[in-house]
Amino acid sequence: MMMVLVKTLQVILALSVLILIHEAGHFLWARLFHIKVDKFFLFFDVGGVKLFSKKIGDTEYGIGWLPLGGYCKIAGMVDESMDTEQLKKDPQPWEFRSKPAWQRLLVMSGGVLNNFLLAIVLFCAILGIWGDNYIPNDSPLYVNELGEELGFRTGDRILRYDDYTPTDFLNLQADLARRQVQQVQVLRGTDTLTLYMDQSMMGAVVNTPGMFDIALPFVIDSVMVTSPNVGAGLRRGDRIVAVDGIPSPYLQDAQKVLRAHPGERLPVTLVRASDTLSLALQVDSLGLLGVYPRNIAIEHRDYNLAQCIPAGCSLAWDTVTGYLRDLRLVATPSTGAYKSVGSFVAIGQVFPSSWNWHQFLYILALLSIMLGVMNLLPIPALDGGHIVFCLYEMITGKKPGDRFLMVAQMIGMALLLLLMMLAFGNDIARIIH
């Protein structure tokens, strides 16, 4: 129960920050150009129901009851409120529709700009405070059935994706899908091979976590004081190579055998220096030996103020391009990547079960970029749709009519509703599965 509460609080706090930052972008540009802002709300006050409301000047500030977003209602603008009464009157100098196209363009771009700026600031702060941890891409793969179906084998080392050289092991699976890689060059033993990827399986790559793991030799670091194998003869540096007579070159291989024999005593073959020994070890009720294996080698980089700013900007740019590739996959039905689309339920699963500022701020930066990119999509109900109309007017000199904008807004809202239904449907399917 506590874990659910912590995750829920993180989701609510993250969404609140993102919504306020985004809508503040529209608000500040509107006020800069002397455009009246009727309402500035966190969450939606559907049916006029509000948890809080206070009018300051010409603007009503408040909190609605439906936590699915927020809005900044700008006078004289066709938006999700579908308020047509104001549009029936003659345009006023303080209305959105009375301003030149370039000013309206900046007002509509303000939310997205704020989202990207927030992500850059957060990434810079994270790198400056905590630095960066990563696993170099020089470790052998441990692949599951999907990886084998694609042609990979445990022990392979990935050298290249088409013309791209991956550097971070943890991004190998994501990069394979989002870059829609055609050819993978791998090192298998002493041979260099080229694997050709089946693009119809990229959706499975997106929806199957853990396709690539590090093939980690089972080397003992220490024995737990509560282990059933204290005094069994294990030493630091021992490498387990077989369990119950089954060859287990990697930790994952040994784990499969141990989990199949909880509570039993099994013969284990291990290598110590140049000697090969055999010990009888006790498996506990969870299928574990009660030992700490040697850790994965993790690289750490620290950044000073002069370094964290360009590094933060670079990380933000890489995240934007990566998310654009993800959207391209989702928009390609043949990949099946649309099954990975999720709602607030899926977002909640991303946050850690205990409070961690490092992880929270990193996830907040990622979500800020996602929100910014999503709002740039040329869908009428989103900022991107309004931006397209402003650019059209600036190029052609012709302003779309209010009736056209109303119809476009309704179509856009219908598309967003369908997308939301897909997201919730995927979440429900994942829970049932």
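Guide: The axes of helix α2 (residues 101–130) and helix α9 (residues 357–375) come within 8 Å and cross at roughly 155 degrees. This is a predicted model, in which local features need pLDDT of at least 70, side-chain atom pairs count only at pLDDT 80 or more, and totals for chains, interfaces and linings use all residues. Residues are numbered from 1 along each chain as its sequence is written, and side-chain values use heavy atoms, leaving out hydrogens and water.

Visitor: Why are α2 and α9 called roughly antiparallel?

Guide: Angles under 35 degrees count as roughly parallel, over 145 as roughly antiparallel, 65 to 115 as roughly perpendicular and the rest as oblique. The axes of α2 and α9 cross at roughly 155 degrees, and the two helices are therefore roughly antiparallel. The crossing of α2 past α9 is left-handed.

Visitor: Which kinds of residue make up the contact of α2 with α9?

Guide: That contact has 17 nonpolar residues, five polar and no charged. Ala, Val, Leu, Ile, Met, Phe, Trp, Tyr, Cys and Pro count as nonpolar, Asp, Glu, Lys and Arg as charged, and the others, Gly among them, as polar.

Visitor: Where is Asp162 found?

Guide: Asp162 lies in the loop between β7 (157–161) and α4 (172–178). Asp162 has a positive phi of about 50 degrees, although it is not a glycine.

Note on methods:
Axes fitted to C-alpha atoms, helices over the stretch in contact; angles between N-to-C directions. Helix = DSSP H or I, 4+ residues; strand = E, 2+ residues; numbered from the N terminus. Left-handed = near helix turned anticlockwise from the far one by under 90°.
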